[in-house]
Amino acid sequence: MTESIAYRGVFPIVPTAFDDAGVLDLDSQRRVLDCMIDQRVDGLCIIANYSEQFVLSDAERDQLMRLCLEYVAGRVPVVVTCSHFSTQVVEDRCRSAADLGADMVMLNPPYHGAGWQANETGIFEHFDRAANAGRIPIMVQDNPPLSGVQLSVSLLVKMAQSIPLQYFKIETSKTAEKLRALIAKGGDDIVGPFDGEGGITLMADLDAGATGTMPSALIPDLIRRVVEAHRVGDREAAARHYDRILPLINYENLQCGLGGTKFIMKEGGVIRSDHVRHPVAPLDPVLRTELLELTRQVEPLVLRWGL
């Protein structure tokens, strides 16, 4: 595996832009990338769950990956989600991502629905083969509410030391507790402990040792203030910044889902349409009104970027 710098900071999920008919809107997609980079993000993650990767065809996925990597062109590091139940498909996806210039790939453990999962040996082999195929850093997405897979701290540390895997996005119940245990047991082999879930437990996770976060693309400029203040040891300022945005983070995460960011990006002139593909439901009008009110209160760049 290639050597790399230690990635840290704010790596938000890039939403996928569609037109009102549900066709990829590549011009809007480029504007999404520019808007996020203008917010001084530390990196980007594409084709993730909040990118609606599960409604993309294989051809669209490849088209989107190529467009994003070529258009970002090294301005910030890019993480490409390559998850699939099939290890062979994951190997192919990791090779393609690496060949196109991805800086990292992110993978869930293999699962199919709630009942089809690999055992620990199969999980280890899955990640090992992915690492050998791509030869770039891998972030493990540990999200049992989605995958149903329980990844023990011992297994994560074993993979960090043996494969090696370097980055871990922890999205479990009691995320801070698991981050703390992972860092304590894995030591220097845990290069990048990240949290996710939209930043809903960000302060506790930073206190536990997280060095990065992977939120939505709604307010990465404001989340960055929290992360940077905490990084330099000013926890009081970090908590103050966090308290200001936490009602919005909670509302987006618990009420709106992935459609929230798209709606706000449309309001701010970033994208032409906030279309989400069926069977994902459009954002309810009441939720739109309340989300916009909360977003205006904290004045993120996204609301004025394209106006």
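Of the 90 residues in the largest nonpolar core, those touching the most other members are Leu44, Val80, Phe127, Met159, Phe168 and Ile245. Such a core is a set of buried Ala, Val, Leu, Ile, Met, Phe, Trp, Tyr and Cys residues joined through side-chain atoms within 4.5 Å. The model is predicted, with local features needing pLDDT of at least 70 and side-chain atom pairs counting only at pLDDT 80 or more, while totals for chains, interfaces and linings use all residues. Residues are numbered from 1 along each chain as its sequence is written, and side-chain values use heavy atoms, with hydrogens and water left out.

- Ile245 touches Ile219, Leu222, Ile223, Val226 and Val298, when residues up to four places away in sequence are not counted, contact meaning heavy atoms within 4.5 Å.
- A second, separate core has 12 residues, among them Cys45, Met104, Met139 and Tyr167.

- Phe168 lies in strand β8 (residues 167–170) and is buried, with a relative accessible area of 0%; buried means under 20% relative accessible area, exposed over 50% and partly exposed in between, with a 1.4 Å probe and protein chains only.

**Helix pairs**

- Two packed helices are described by the angle between their axes and the distance between the axes; axes are lines fitted to C-alpha atoms, for helices over the stretch in contact, and angles run from 0 to 180 degrees between N-to-C directions.
- The axes of helix α2 (residues 58–72) and helix α3 (residues 87–99) come within 10 Å and cross at roughly 25 degrees, and α2 and α3 are therefore roughly parallel to each other, where angles under 35 degrees count as roughly parallel, over 145 as roughly antiparallel, 65 to 115 as roughly perpendicular and the rest as oblique.
- Asp58, Arg61, Met65 and Leu69 of α2 make the contact with Arg93, Ser96 and Ala97 of α3, and the residues of this contact divide into three nonpolar, one polar and three charged; Ala, Val, Leu, Ile, Met, Phe, Trp, Tyr, Cys and Pro count as nonpolar, Asp, Glu, Lys and Arg as charged, and the others, Gly among them, as polar.
- The axes of α3 and helix α4 (residues 120–134) come within 8 Å and cross at roughly 30 degrees, which makes α3 roughly parallel to α4.
- In that pair, Thr87, Val90, Glu91, Cys94, Arg95 and Ala98 of α3 meet His126, Arg129, Ala130, Ala133 and Gly134 of α4, a contact whose residues divide into five nonpolar, three polar and three charged.
- The axes of helix α9 (residues 220–231) and α10 come within 8 Å and cross at roughly 155 degrees, which makes α9 roughly antiparallel to α10.

Key. Helices (H or I, at least four residues) and strands (E, at least two) are DSSP runs, numbered from the N terminus.
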